[in-house]
Amino acid sequence: MPNESTPRAEVIPQGPEPDQSCQLEKTNEPVTMVIFGATGDLTCRKLFPALYSLFQNALLPENFIIVGASRSELDHDAFREKMKQCLTDELREKEFSWPNMAARLFYRQVRFDSLESFVDLAGYLSLLEGQFSLQGNKLFYLAVPPSAYEDIACNLGRAGLAREEANWSRFVVEKPFGRDLDSAKQLDHSLHEHFAEHQIFRIDHYLAKETVQNILMLRFANSIFEPVWDRRYIDYVRITAAEDIGVEHRAGYYDHYGVLRDMFQNHMMQLLALCAMEPPSIFEADRVRDEKTKLYRSLRPFPVETLNDHLVLGQYSSGVVKGEKVASYLDEPEVAPDSLTPTYAAMRIFVDNWRWQGVPFYLVSGKRLAEKRTEIAVQFKQVPFSMFRGVLGGDISANRLILGIQPREEVDLTFQTKVPGPRVCLRSVTMHFNYNQGIREYNPDAYA
């Protein structure tokens with residue numbers, strides 16, 4: 001992998017500056033957004049800061065309200081103050097925006113397993129919609145443990161909140177979607193009892209990361225890459241999603257799911273599909289989904305008799321991170337002392353199709369690793385025959401393409417060039433592109 005001492009050739013973006021057509025489009029449809037689990041970690045860290053950022057940049061509808069729904073007992077003012085404390089210093093700098101946002105924030109205590117509680121919520125939403133002259137459009141975002149999905153979907157339907165007449169209703173869930181195939185099918189069936197397929201959104205925020213969306217652009221909008229994107233030229237592909245933090249406040253959730261359900265069955269599989277799928281005939285959601293499905297169907301099943309050759313699982317232990325002592329996974333609050341839940345996984349998988357036959361894909365993800373880094377490394381094969389063997393001797397380092405996803409959003413291409421001077425010597429240099437170079441417009445994060 002390129003390091004700081006590797007010479008770099010900066011890439012200068014060509015062509016006209018991006019115009020407003022590249023920016024997020026604003027919708028003017030009035031909407032009531034209901035966030036279940038509004039007092040939880042996900043809402044505080046991701047959802048509300050994203051909504052407030054959109055509000056500051058005038059990208060929410062002119063007419064909207066946000067209703068937090070949770071089991072905690074709070075009044076409106078306490079909920080507003082809690083949401084304000086969730087904002088970063090950068091977002092708080094624009095203080096003038098807060099009173100206008102706070103006026104559209106409300107809270108309702110809801111018991112997820114109580115139909116009566118949802119009937120009460122429906123009445124309250126109707127009251128607010130009349131007060132704000134809204135048109136009945138509703139978006140329900142579930143920032144709750146997956147075990148609560150079925151209860152909430154069922155009670156929303158029974159309370160009449162899933163119906164679409166002159167208005168629309170949307171139901172948004174995050175990962176993981178079930179614990180295994182059977183539970184995923186059961187969950188899917190229960191959601192469809194009251195919501196039609198077009199109403200259900202299964203969100204993977206990785207797909208909204210700019211650098212993840214750029215994978216398809218890099219592959220299929222550049223004729224220099226696609227012809228060599230196969231088994232003839234690529235030695236292996238490594239997809240890494242490393243985190244330097246532990247489970248933090250999510251131990252109660254994490255100990256039931258672990259790294260495979262938390263990262264692999266969603267984020268890692270999506271990155272794999274974008275790297276390895278065939279080009280759709282046109283860039284449309286259903287066509288892209290179909291190509292991803294074809295890729296997943298081509299995955300070679302793990303050979304159970306030699307599983308250790310293809311899968312490594314682990315847990316982080318105690319140690320020192322950035323000069324501070326950190327606990328082992330088993331010592332984290334809410335983790336069972338005899339837990340076997342993995343926090344690290346590395347797997348080698350193969351895609352059995354014409355393009356990728358024999359090329360290994362390495363997927364690696366874990367917590368409490370050396371640094372936070374998500375990247376895709378495409379390792380090309382060495383040159384088949386070296387005309388320089390008599391002069392240089394030894395092997396010539398193969399080319400490598402690094403797609404940095406986060407926190408470094410960049411593309412690095414490593415190749416060989418001559419060292420300046422009278423002798424014939426090779427060195428590796430890196431052509432570097434910073435994804436945000438030359439961009440001055442508002443660039444929302446993945447959740448926004």
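Modeller: Let's start with α9 (residues 251-276) and α10 (residues 285-297): their axes come within 9 Å and cross at roughly 100°. Bear in mind that this is a predicted model, where local features need pLDDT of at least 70, side-chain atom pairs count only at pLDDT 80 or more, and totals for chains, interfaces and linings use all residues. Residues are numbered from 1 along each chain as its sequence is written, and side-chain values use heavy atoms, with hydrogens and water left out.

Colleague: What makes α9 roughly perpendicular to α10?

Modeller: Angles of 65 to 115 degrees count as roughly perpendicular, under 35 as roughly parallel, over 145 as roughly antiparallel and the rest as oblique. The crossing is roughly 100°, so α9 is roughly perpendicular to α10.

Colleague: Which residues make that contact?

Modeller: From α9, Met269, Gln270, Leu272, Ala273, Leu274 and Ala276; from α10, Lys292, Leu295 and Tyr296. Contact here means heavy atoms within 4.5 Å. By class, that's seven nonpolar, one polar and one charged.

Colleague: And α6 with α7, why are they called roughly parallel?

Modeller: The axes of α6 (residues 149-158) and α7 (residues 181-191) cross at roughly 15° and come within 9 Å. α6 and α7 are therefore roughly parallel to each other. Tyr149, Glu150 and Ala153 of α6 meet Gln186, Leu187, Ser190 and Leu191 of α7. Those residues divide into four nonpolar, two polar and one charged.

Colleague: How do you know that β5 and β6 pair?

Modeller: Two strands pair if DSSP finds at least two bridges between them. β5 (residues 138-142) and β6 (residues 169-173) have five bridges, in the parallel sense, so they pass that test. Phe140, for one, has Phe171 of β6 as its bridge partner.

Colleague: What makes β4 and β7 the edges of the sheet?

Modeller: The open sheet has six strands, in the order β4-β3-β2-β5-β6-β7, with parallel pairing. β4 (105-109) and β7 (200-202) each have a single partner strand, so one side of each is left without a neighbour in the sheet.

Colleague: Why is the pair of Phe171 and Phe195 called tilted?

Modeller: Rings of Phe, Tyr and Trp (its six-membered ring) pair if their centres lie within 6.5 Å; planes under 30 degrees apart count as stacked, over 60 as edge-to-face and the rest as tilted. Phe171 and Phe195 are 4.8 Å centre to centre with 35° between the planes, hence a tilted pair. Phe171 sits in strand β6 and Phe195 in the loop between α7 and β7, 24 residues apart.

Technical notes
Axes are lines fitted to C-alpha atoms, for helices over the stretch in contact, and angles run from 0 to 180 degrees between N-to-C directions. Helices (H or I, at least four residues) and strands (E, at least two) are DSSP runs, numbered from the N terminus. Ala, Val, Leu, Ile, Met, Phe, Trp, Tyr, Cys and Pro count as nonpolar, Asp, Glu, Lys and Arg as charged, and the others, Gly among them, as polar.
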